[in-house]
Amino acid sequence: MAFSPAGRAMSHSAAVNGKPLLSIRGLSVRFGGIIALDNVSFEVAPGQICGLIGPNGAGKTTLFNCLSRLYHADSGSIQFEGRPLLELPKHAIAPLGIGRTFQNLALFRSMSVRDNIMIGGHCRSRGGFLANALRLPFVAQEERVLEERAMRLIDTLALAAYADTPVSALSFGTQKRVELARALASEPKLLLLDEPAGGLNHEEVDHLRELIRSIRDRLGVTVLLVEHHMSLVMKVSDKVVALDFGRKIADGTPAEVQRQPEVIKAYLGGSL
């Protein structure tokens with residue numbers, strides 16, 4: 001991951017001179033007679049924040065579920081760092097370097113913030129059930145590494161005051177940060193954010209925008225963002241891809257996409 005002298009990730013134009021981190025080609029998914037994705041193709045360069053927009057039912061979450069290997073594609077390909085993704089099992093996705101948050105929070109509510117975040121890093125550990133049951137020496141070392149990583153993320157996401165607090169006692173906005181920290185604990189190269197602004201107030205959305213930029217700039221993480229909050233998408237994204245009825249209708253900078261007649265007609269309802 002290349003950085004400018006100012007410490008920020010390099011621009012889209014600089015990043016695309018190399019190979020894309022994520023390449024989607026001709027991706028199609030059908031559920032019976034319903035076409036969820038129809039020959040969708042686009043790329044995400046290393047260091048980019050890419051916004052994926054479209055009305056409900058456009059295919060955004062279906063595409064995320066293909067990336068996570070929760071859904072099978074009928075045709076097309078997905079390559080991550082040049083490696084075919086659709087050939088891999090579900091459990092190989094996180095260790096490969098892809099992390100994800102979900103529209104609906106999937107945290108362990110009775111567990112502490114620290115423990116929830118540590119769970120996110122277990123995909124990088126070697127210890128299985130037997131190793132943990134026998135308390136082999138390397139297991140204790142791995143637990144220390146996971147806890148140190150969790151505490152760094154707790155500091156980065158301003159969660160230090162809640163480290164030992166059960167998730168159930170936290171506000172919704174704070175729980176969203178915990179889920180984000182848990183996704184980052186797997187040390188992803190690509191972070192999939194599924195509706196991260198859902199349920200947040202105006203001030204929390206502003207904070208989220210700066211947090212997404214900080215994650216990209218400080219941690220060198222590429223971000224693919226599904227979001228209905230248009231102001232957030234257009235302000236934070238380097239690139240925007242628009243879907244409608246499973247088809248890609250626009251692909252470019254935020255300024256280019258928001259001027260596209262098909263996008264205005266399908267989703268935006270007018271110029272921004």
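**Exercise 1. Decide from its residues how far helix α4 is enclosed by the rest of the structure.**

Step 1: Of the 8 residues of α4, 6 are buried, so this helix is largely enclosed by the rest of the structure; buried means under 20% relative accessible area, exposed over 50%, and partly exposed in between, with a 1.4 Å probe and protein chains only. Step 2: The buried residues in α4 are V113, R114, N116, I117, M118 and G120. Step 3: Helices (H or I, at least four residues) and strands (E, at least two) are DSSP runs, numbered from the N terminus, and the protein has 11 helices and 10 strands. Step 4: Over the protein, with its 272 residues, 47% count as buried.

The model is predicted, and local features need pLDDT of at least 70, side-chain atom pairs count only at pLDDT 80 or more, while totals for chains, interfaces and linings use all residues. Residues are numbered from 1 along each chain as its sequence is written, and side-chain values use heavy atoms, with hydrogens and water left out.

**Exercise 2. Describe the largest pocket and say which elements supply its lining.**

Step 1: On a 1 Å grid over the protein atoms alone, a pocket is an open set of points where a 1.4 Å probe fits, with protein on both sides within 12 Å along at least five of seven lines, and lining residues have an atom within 4 Å of a point. Step 2: The largest pocket holds about 430 Å³ of space, a volume being the space filled by probe spheres set on the grid points, which are joined across faces, edges and corners. Its lining has 19 residues, of which A94, I98, G99, R100 and F102 are the closest to the centre. Step 3: At least two lining residues each come from α3 (93–96), β6 (98–100), α4 (113–120) and α7 (172–184). Step 4: By type, the lining divides into 10 nonpolar, 5 polar and 4 charged residues, where Ala, Val, Leu, Ile, Met, Phe, Trp, Tyr, Cys and Pro count as nonpolar, Asp, Glu, Lys and Arg as charged, and the others, Gly among them, as polar.

**Exercise 3. Find which element gives the largest share of the lining of the second largest pocket.**

Step 1: The second largest pocket has a volume of about 210 Å³, and among the 16 residues that line this pocket, G173, K176, R177, L200 and L208 are the closest to its centre. Step 2: Two or more lining residues come from each of α7, β7 (190–194) and α8 (202–219). Step 3: The largest share belongs to α7, with 6 residues.

**Exercise 4. Classify the aromatic pair formed by F31 and Y71.**

Step 1: A search of the whole structure finds 1 aromatic pair; rings of Phe, Tyr and Trp (its six-membered ring) pair if their centres lie within 6.5 Å, and planes under 30 degrees apart count as stacked, over 60 as edge-to-face and the rest as tilted. Step 2: The ring centres of F31 and Y71 are 5.3 Å apart and the planes stand at 75 degrees, so the pair is edge-to-face. Step 3: F31 lies in strand β1 (residues 22–31) and Y71 in the loop between α2 (60–67) and β4 (75–80), 40 residues apart. Step 4: F31 is partly exposed at 39% relative accessibility, and Y71 is partly exposed at 30%.
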